[in-house]
Structure formats: structure tokens, C-alpha cells
Amino acid sequence: DVTEIEEKEAQAKQEEQILKEQELSNLLHEKRYLKALGLAISLDRPHTVLTVVKAILKEPEGSRHLEENIVRLRKDQKEAVLAFLVTWNTNSRNCHEAQAVLETLLKHEAPDTLLQFSGIKSAVESLLPYT
């Protein structure tokens, strides 16, 4: 019978998730946005990433801070953010944040590098009608 083992694993995963949520909340409160972005991306939380982006943009010189943070993300994290912003861009409440992140990616990534992103073709096709 492996039921007990599976229950313990599920409980451990849930506890880990709660700890990460708390860490994310603390990072946002401490305005450590790069770590908060990285954690939200690793948790695969598009809405949380959007919340972090909005918090950055509310800061004085928010656009510059957003640019600094997006540029410092790893390639896989940038791919995830690109996938997230495609969804954000379809909603008029979030389109400005999506456009700010997209602008940063387009300014700081070479076209050849962007072509290497996974899902770039579908992302561009999805972005064109709304951009």
C-alpha cells in the first residue's frame, strides 16, 4: 500500500508551495523584483509575474527598473515571460504592461536570438492582432 507515501509526498509539495508563496510575498514587500520575477516564473504563475511587473512600473523610474530586471533574466525565463505577455496583451487592463515588457525584449535581444526562443512564431502571430 503506497497511499500513505503518496499522501506524505503531496503534503510535502503543498508545504513547499506555501513556503514559496510566502517567499514571493516577502520579495515583493522588500522590492527585490528580480528574485520575485524569477520565483514567479519558476512557479509558472503568469498573473503573479504580471503583479511583479505592475509593482516595478509603479516605482519612480519604473520603466528603467523593468528594463534592468527583464534584461537580467535567463533565456528560458525570457521565453516564459514572452508566453505570459501574449496572454496579458489580449486584455486591455494589462496590455500596457505587456507592451512594456515586449518593448524591452525587442530592444535588448538581437533578432537572431529572438528567433531561437521556443514558441516565438506563435507568440508573434498572437501579438500582431492586439499590438
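Trainee: Where is Thr48 placed, and what makes Thr48 count as buried?
Mentor: Thr48 lies in helix α3; helices here are DSSP runs of H or I with at least four residues, numbered from the N terminus. The model is predicted, local features need pLDDT of at least 70, side-chain atom pairs count only at pLDDT 80 or more, and totals for chains, interfaces and linings use all residues. Residues are numbered from 1 along each chain as its sequence is written, and side-chain values use heavy atoms, with hydrogens and water left out. Buried means under 20% relative accessible area, exposed over 50%, partly exposed in between (1.4 Å probe, protein chains only). Thr48 has 16% relative accessibility, so Thr48 is buried.

Trainee: Which residues does Thr48 touch, not counting those up to four places away in sequence?
Mentor: Leu24 and Ala40, where contact means heavy atoms within 4.5 Å.

Trainee: Why is α2 called roughly antiparallel to α3?
Mentor: The axes of α2 (residues 33-42) and α3 (residues 46-58) come within 8 Å and cross at roughly 165°. That angle makes the pair roughly antiparallel, since angles under 35 degrees count as roughly parallel, over 145 as roughly antiparallel, 65 to 115 as roughly perpendicular and the rest as oblique. Axes are lines fitted to C-alpha atoms, for helices over the stretch in contact, and angles run from 0 to 180 degrees between N-to-C directions.

Trainee: Which helices do the buried residues of α3 pack against?
Mentor: They pack against α1 (3-29), α2, α4 (62-71), α5 (75-89) and α6 (95-108). Besides Thr48, the buried residues of α3 include Val49 and Ile56.

Technical notes
Helices (H or I, at least four residues) and strands (E, at least two) are DSSP runs, numbered from the N terminus.
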